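Work through the exercises below with the structure open. Each task is followed by a solution in steps.

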Amino acid sequence: MQYFMQLLISGLAIGAIYGLIAMGFAVIYKSTGLVNFAQGEMTMITAYIAWTISTTVSGNVFVVALGAIVAAVVLGLVIERVVMRPMLGEPVFATVMVTIGLAVILRSSINFIWDAYPHGLDVGFGRTIVRIGSIGVRTGQIAVIATLLLLLAAIWAFFRYSKIGVAMRAVAADDRTALLMGISATRVHALAWAASSVIAGIGGVFFALSYDLSPAMFQLGLKAFPATILGGLDAVLGSGLGGLLIGITENLAGGYLGSGMKEVAGFAMIIVVLMVRPFGIFGERDIERV
Amino acid sequence: MIKYLATASLLLAGVSLSIGAALAADPGITDTEIVIGDVEPLTGPPALLGVAASIGHKIAIAEANAAGGINGRKIKYVLEDDGYVTARTIQGVKKVTDVDKAFALLGISGSGQSIAVMPLLEKSGIPTVIDVAPVKFLWEPPRKNVFVVGQSYEEGIIHLVNYLAEKNPGKKWGLITQDDDYGITVRDGFDTVVKARKLNVVYSGNYKKGQQDFSSDMLQLKDSGAEVFLAGGIIGENIAMMKELEKLNIKPVVGIFWPGRVEPVLKLMGPAGDGIYAVDYVEPFAGAAGKAFLEKAKGLLPEAEMKGINRYSMTGYAAAKVLISAIDRCGKQPTWACTIAELEKTKNVETGIMAPISFGPGVRFSNQKLQIMQSEFSTLSFKPVN
């Protein structure tokens, strides 16, 4: 039982990180109809900025958190304004290709701006090991699970009750009609990119706290994307839960079926789920595939 | 008689012309300059080794240039980034040979990339010294113009596992490797010793390249009761494994391989990284030879490049020293043929950071002597052990 519990907790912790990044994918898709293939790279850039703040400005957890959020907002807004807005109205395929190009540029920038060495994000929090019986868990892992759950609740409330949230849903449903209703689609898009960057960036910072920073971190995006597909590409909350499911499945498969199955299990589950529900567990039926 | 003399004269003239043409055909050399080319991963995660190796080359080249160059010719270093993508390695080698007209090559990128460019190197005949990723295919069979400085991955692992087996008789073993050519080589070396010594292997894992979370793998290791563990990751993977072991509250005897033996790793592992065994053929930076190397680099490198130094800078430096020394021995008019001949004559060349380097007729691999080291968290360094 302890073996199972240890696998479950570790799976929830890594799954929460996948979930946060997956939510980033879904926020952009829901608002713009676009799959952002640079999501993992944006996550990585935010984490590197957090590390830079911690080593040059202050190692205080609040300063680092605030700095990282501001940096993520700026990153999302700049990408939307400079790279994505000129692509408005262009074919989806071309826009998706732009995000792939952006991913390559952001990935390479790590070596130009920082370096290829792994770095640890030390903010005096997250690395302490808490033991419950023989089960060990780091405080950062507990925090990322709690953060995901809080964000899920906050985002549900945001889309359900706030004016901006409703506007975002309106643009996602039909941007022309939304425009006729006085909603600025470009403003909604900018907000979506900023929000997506922040949510995924939080996942990246937690990953850096629990593991480390390295130029390979962008691969988190590749793990989180299946979580989005599983939860539903247009379902922000579903994507978060999809991340948890992928994390748990991976860990249980790795623990019971062997190391080699760990990376395969999540994708195997997606194939099965998509055969039954092609739009994901929580997704809506009329998703445009790209 | 006159007819014979005329024919002989014509033949002599022809031979002279063909020799002249051959001399002129060797590119990358002018009255003032010799071009040395290199292709390395300078972006992406493997930049950790590519950047460091290129820094090692730069140190040796700067040292030679500061001493007047090679027989009066300054060395120009042309470096291409392949991003650890084999297709780009091939493009890069073509670029430095065809466009930049390199006289000789150093490097070249990872093991898979070196293997992929081998036909190109053989066909062109350019003198090449490989130093980043020594694998048997690069010297077996020996290629006329390709020399390899280092030690084979397989031998390295055999040396490490033999050492750990001698120090930990009768213990249970665990192993995890990456699912690529690197992992296969590590596993082959491990299996060789397992068979020879009949080691009791209770855990054998295989992870996918790029995996970052090792919680289930290390839990399996713990559950198996392994007491000696060979962590077959490279950099980030080994860090993640050590942190998981710390979280699971177990501390087996751990061995890692030289690609992961870079000092910053110890800081990231924290106390969990204390006492880890490693194998290598270059000197640790904590020793006198390592300190002297860093001192030398300080005088020859810009400040910004100093932080990129690691063990691969040492292997790069040694390879470049051997190549420069061979070209130098060819005198005022070095050619590819002479450089290759002189590389073959390389005998006990001292670099100060590894055992003396030698090649020989039909021997294209320097077969460096190995040593075991142990990490010390308090000083964030590796130190040789007996």
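**Exercise 1. Classify K383(B) by accessibility, then find its charged partner.**

Solution. This is a predicted model. Step one: K383(B) has a relative accessibility of 33%. Buried needs under 20% and exposed needs over 50%, so K383(B) counts as partly exposed at 33%. E376(B) forms a salt bridge with K383(B), and their closest N and O atoms are 3.1 Å apart. Step three: classify the partner. E376(B) has a relative accessible area of 27%, so this residue is partly exposed.

**Exercise 2. Are K223(A) and E263(A) buried or exposed? Locate the salt bridge they form.**

Solution. Step one: the closest N and O atoms of K223(A) and E263(A) are 3.4 Å apart. The cut-off is 4 Å. The pair is a salt bridge. K223(A) is in helix α9 (residues 220-231) of chain A, and E263(A) is in helix α11 (residues 259-276) of chain A. They are 40 residues apart, so the pair links distant parts of the chain. Step three: check accessibility. K223(A) is buried because its relative accessible area is 13%. E263(A) is buried too, because its value is 11%.

**Exercise 3. Which chains does the salt bridge of D115(A) and K307(B) join?**

Solution. Step one: the closest N and O atoms of D115(A) and K307(B) are 3.9 Å apart. Step two: D115(A) lies in the loop between α4 (92-113) and β1 (129-132) of chain A. K307(B) lies in the loop between α11 (303-306) and α12 (311-329) of chain B, so the pair joins two chains. Step three: compare the ends. D115(A) counts as buried at 14% relative accessibility, whereas K307(B) counts as exposed at 54%.

**Exercise 4. Describe the interface of chain A and chain B.**

Solution. Step one: count contacts. 39 residues of chain A are in contact with 38 residues of chain B. Step two: take the area. The two chains bury about 3,100 Å² between them, 54% of it on carbon and sulfur atoms. The interface holds 4 salt bridges. One of them is K262(A) with D213(B), at 3.3 Å from N to O. Step four: assign elements. Those giving two or more residues to the side of chain A that touches chain B include α1 (2-32), α8 (185-210) and α10 (236-257) of chain A. The largest share of that side, 5 residues, comes from α1(A).

**Exercise 5. Which geometry does the aromatic pair of Y153(B) and F257(B) have?**

Solution. Step one: the ring centres of Y153(B) and F257(B) lie 5.5 Å apart, with 75° between the planes. Over 60 degrees counts as edge-to-face, and this pair is edge-to-face. Step two: Y153(B) is in helix α5 (residues 153-167) of chain B, while F257(B) is in the loop between β9 (253-256) and α9 (263-269) of chain B. Step three: Y153(B) counts as buried at 7%, and F257(B) is buried at 2%. Step four: widen the view. Y153(B), Y182(B), F257(B), W258(B) and Y281(B) form one aromatic cluster. R311(B) lies over the face of Y281(B), 5.2 Å from the ring centre. R311(B) is also linked with R261(B), E263(B) and D280(B) in a network of salt bridges.

Methods. Residues numbered from 1 in each chain as written. Chains lettered and ligands numbered in written order. Predicted model: local features only at pLDDT ≥ 70, side-chain atom pairs only at ≥ 80, totals over all residues. Heavy atoms only, no water. Phe/Tyr/Trp six-rings, centres within 6.5 Å; stacked < 30°, edge-to-face > 60°. Helix = DSSP H or I, 4+ residues; strand = E, 2+ residues; numbered from the N terminus. Buried < 20%, exposed > 50% of the residue type's maximum accessible area, 1.4 Å probe, protein only. Lys NZ or Arg CZ within 6 Å of the ring centre and 35° of its normal. Salt bridge = Lys/Arg side-chain N within 4 Å of Asp/Glu carboxyl O. Contact = heavy atoms within 4.5 Å. Buried area = accessible area lost by both parts, 1.4 Å probe.
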